[in-house]
Amino acid sequence: MSRLGFTRTVRGLDGLPPTVLKILESAPQAGFGVHQWLLPAAGALKPYREPHEIKTILRGCTSDCGRKVFERELEDAIRNGRPLGPPSMNPTARSSTPKTATDREAQQTALRIYDGFGLPDLQATSHWPQWGRETPLDFMWALYHQRAPLCCGPSLAHLTTQTLSDWAWYQGNLQFIVPHPMTAPFGQTMDGKRSSRAKANTGPRVYQVVEFDGQDTPKHEQARLLMALAESMDLVMVVDSGNKSLHGWFKVEGVPEEEVRDWFEFALRLGADPATWTWNQLVRMPQGMRDNGNRQQVLYFDRRKLGC
């Protein structure tokens, strides 16, 4: 959870714009993404403070977070954090959904380039050590840090945000997940309600999921379109929805929002569903199970894109 208002006790904040102060105020408690928060916070400060001043501010913001923040964490965040500019690293900014329409010519060109490529080829190129009785947690452990707060649930009406370590004790079926880690267990929705899946408590983009409409595009063609998108963004995983569509998980962590948006607009030209651009959009849990009993099978997984 964050500690709103605590920045009044931190030195060196004079003259910072409100957008930067909001990011600093969103500093979470231990167990809710301190390490993840450091990167956007450091990036937001870069245009206004020198590295040694940023380190002092970050130390002040995390002084009572509940754990020790290591020197190396701070240095890595200062080195790799991107200035705000595009809002991808700004957890308080939420860009509107692109409105690009399907371009049939672009779609057909992509399909021709990967002509003959199908689901067996997708599975054959996967890099997962052993396919067998994988569970949702097997893939969650590969995708996220153990302290990452994740919003998941067995149904739309039963969603919970807790750390991956806490999810490890869960014994039931998980059908849905927000692909981006959360910043707190609850946030306030636009209509003032308390929710475990509000935009206000959803962190920066980590995995952008792309889904194609299975009504218009059969799965073997969806696989080709995902490969076309993988030419310009790292494809980590492909999940069969258990119905008519495939979900491609692309790693976008640290990529400027403007670049991700341009790439997603290209996905829309190829026929992708714009709904998954929404920051807190639920997608199908890898290896979870639908209400009708269909498995949401992982067809492709590439650990190399995660540095594993």
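**Close-up views of a predicted model**

**View 1. Lining of the largest pocket.** Helix α2 supplies the largest share of the lining of the largest pocket, namely seven residues. The model is predicted: local features require pLDDT of at least 70, side-chain atom pairs count only at pLDDT 80 or more, and totals for chains, interfaces and linings use all residues. Residues are numbered from 1 along each chain as its sequence is written, and side-chain values use heavy atoms, without hydrogens and water. Helices (H or I, at least four residues) and strands (E, at least two) are DSSP runs numbered from the N terminus. A pocket is an open set of points on a 1 Å grid over the protein atoms alone where a 1.4 Å probe fits, with protein on both sides within 12 Å along at least five of seven lines; lining residues have an atom within 4 Å of a point.
In total, 39 residues line the largest pocket, and His35, Gln36, Trp37, His145 and Glu253 lie nearest its centre. Elements giving two or more residues to this lining are α2 (34–45), α4 (71–80) and α7.

**View 2. The open four-stranded sheet.** The strand order is β6-β8-β7-β10, with antiparallel pairing (pairing requires at least two DSSP bridges between two strands). Because β6 (207–211) and β10 (298–301) stand at the edges with a single partner strand each, one side of each is left without a neighbour in the sheet.

**View 3. Strands β7 and β8.** Antiparallel strands β7 (residues 234–240) and β8 (residues 246–251) are joined by six bridges. Met237 stands opposite Trp249 in β8.
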